Amino acid sequence: MDEPARPRRVASVPPPEDTGRTAEVLLVAVAKGDERAFELLYEKLAGPILGLVRRVLRDGAQSEEVAQEVLVELWRTATRYSPERGSAMNWAMTLAHRRAVDRVRSARASTDREQKATFEAARSRPFDEVSEAVTARWERQQVRKCLSNLTELQRESVLLAYYQGYTYREVAEVLVTPQGTIKTRLRDGLIRLRDCLGVTA
Amino acid sequence: MTSSEMHTLAGAYAVDALSEHERAQFRRHLEECESCSQEVRELRATAARLGAAVAEDPPVWLKQRVLAEVHVTRQQPPLAVPEPLEKSRRRAKVPRWALGLTAAAAVIGLALAGVFGGIALNTRSQLTTAQEQAAEQAERFAPVAELLAAPDVVAAHGASTIGGGSTVVVSRSLNKLMVLGTQLPEPPPNSIYQAWMLSASGQPRSAGLISGDGSPLIAGGLDGANRVALTVEQAGGSPTGRPSLDKLILNMAMPV
């Protein structure tokens, strides 16, 4: 005689092993409201997002707040993501940088004096600081190696704009260099980095 | 600012180093400059590497806070194309001037909204939506146009074992391919077709997910791949990141 079927709860079935799914595949699942997929996506993206935001903002509490904003924004707008617009990491980093920079600029707009002080601090800060952190782990070595292929002005322009969240005019001010030169160095510096890192998009 | 002066702003734009005003100007320029869009995508991807290089371990409580907020946050609806627009787009390509007209209509709509106040509000939001969708479509198909315009573009068609097949379009100079499902049967419930790039050495790499018949999938990084395969995978794609070989429905040579 057949045993009576035991009632089963769907939720008790463990989810399949997901660790092999790429961030892009996870995002497609997230777009369907899959919170479990979002959790796995979090594991891939939270570290880079927080790291970048803190690099720009420096303040710990503010960085965590902005990183949280960015991660929730990824959830909210996953429905607008499509892989042909670039990798998930790319998308997350672009959003994180934008949010961090927005925060810096709105704070910096407050006083001119503060702004001057920031510039002075940046000017006297050794750029090695950034390079040191970049070298911290072996997988960062390629980035460091490629940064060392840039001219000093290219490297300083790219690092000040990206990690400090400066506009190119502000970079020009710090480096006491014409604005037009900085504009060009930012572009050719990034192009040289792109070619060295073998970035495709 | 001249077009070539504009072009030099691509680097500053990619790292958010423009003022709000210049940023808006450059975005308008981007809509008309496909090579600039490509450059910006690449430079942003480059900047992303600088970002990822300073990753740090987030505190455990951040995950709890984020997941809790996500749980009570509604997602944005996707930018779906409304029925009439979609039909006209499928029957004939929307020419550029038509997009301009849509924009012009939206501007007129905005002006009318000013005149009629609250009454026109609904119309205005519809027009704004239409304008957004037109821009979205143009953006979505820009990669297709770029691929088809490549001087070394080649295409091939392969038949699947379950009826229908796939058309594969490749440009080695752009290092990109496009996979289109053609009259493939509807995949079984909760499953989807996944495209793979195969090479003589190395693991198969996912090119992405495709529907049975419809939107093109574009993937980059051919990296020596010489075959394309399709498998049936569970919704969301192969959980192992490898093709399920028992569900292989197509394996064809990449066109050269």
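Here are some worked exercises on a predicted model with chains A and B.

Residues are numbered from 1 along each chain as its sequence is written, while chains are lettered from A and ligands numbered from 1 in the order in which they are written. Because the model is predicted, local features need pLDDT of at least 70 and side-chain atom pairs count only at pLDDT 80 or more, whereas totals for chains, interfaces and linings use all residues.

**Exercise 1. Find which element of chain A has the highest mean pLDDT and which has the lowest.**

Step 1. Begin with the term: pLDDT is the predictor's confidence in each residue, from 0 to 100. For chain A the mean is 82, with 75% of the residues at 70 or more.

Step 2. Now go to the elements, which are DSSP runs numbered from the N terminus: helices are H or I with at least four residues, strands are E with at least two.

Step 3. Look at two stretches of chain A with pLDDT below 50. Residues 1-17 of chain A form one of them, with three contacts beyond near neighbours in sequence; residues are in contact if their C-beta atoms, placed from the backbone, lie within 7 Å. Residues 130-136 of chain A are also below 50, and this stretch has 14 such contacts.

**Exercise 2. Work out which element supplies the largest share of the side of chain B that touches chain A.**

Step 1. Take the totals: 56 residues of chain B are in contact with 65 residues of chain A.

Step 2. List the elements of chain B that each give at least two residues to this side: α2 (10-14), α4, α5 (60-71), β5 (205-210) and β6.

Step 3. Pick out the largest share, which is the twelve residues from α4(B).

Step 4. Sort the side of chain B by class: 28 residues are nonpolar, 18 polar and ten charged. Here Ala, Val, Leu, Ile, Met, Phe, Trp, Tyr, Cys and Pro count as nonpolar, Asp, Glu, Lys and Arg as charged, and the others, Gly among them, as polar.

**Exercise 3. Describe how α10(A) crosses α4(B).**

Step 1. Find the geometry. The axis of α10(A) and that of helix α4 of chain B (residues 34-52) come within 9 Å and cross at roughly 75°. Axes are lines fitted to C-alpha atoms, for helices over the stretch in contact, and angles run from 0 to 180 degrees between N-to-C directions.

Step 2. Name the arrangement: α10(A) is therefore roughly perpendicular to α4(B). Angles of 65 to 115 degrees carry that name, those under 35 are roughly parallel, those over 145 roughly antiparallel and the rest oblique.

Step 3. Identify the residues. A:Leu190, A:Leu193, A:Arg194 and A:Leu197 of α10(A) meet B:Glu42, B:Leu43, B:Thr46, B:Ala47 and B:Arg49 of α4(B). This contact has five nonpolar residues, one polar and three charged.

**Exercise 4. Describe the packing of α8(A) and α9(A).**

Step 1. Helix α8 of chain A (residues 152-164) and helix α9 of chain A (residues 168-175) have axes 10 Å apart, at an angle of about 125°. The two helices are therefore oblique to each other.

Step 2. On the α8(A) side are A:Glu156, A:Ser157, A:Leu160 and A:Ala161, which meet A:Tyr168, A:Val171, A:Val174 and A:Leu175 of α9(A). Six residues of this contact are nonpolar, one is polar and one charged.

**Exercise 5. Trace the strand order of two open sheets in chain B.**

Step 1. One sheet has four strands in the order β1-β2-β3-β6 with antiparallel pairing; strands pair if DSSP finds at least two bridges between them. At its edges are β1 (154-159) and β6 (217-220) of chain B, each pairing on one side only.

Step 2. Follow the bridges. Across the latter pair, B:Gly165 stands opposite B:Thr182.

Step 3. Turn to the other sheet, ordered β5-β4-β7-β8 and again antiparallel. β5 and β8 (248-253) of chain B each have a single partner strand, so one side of each is left without a neighbour in the sheet. Eight bridges join β4 (residues 191-198) to β7 (residues 227-234) of chain B, and B:Ile192 has B:Glu233 as its bridge partner in β7(B).
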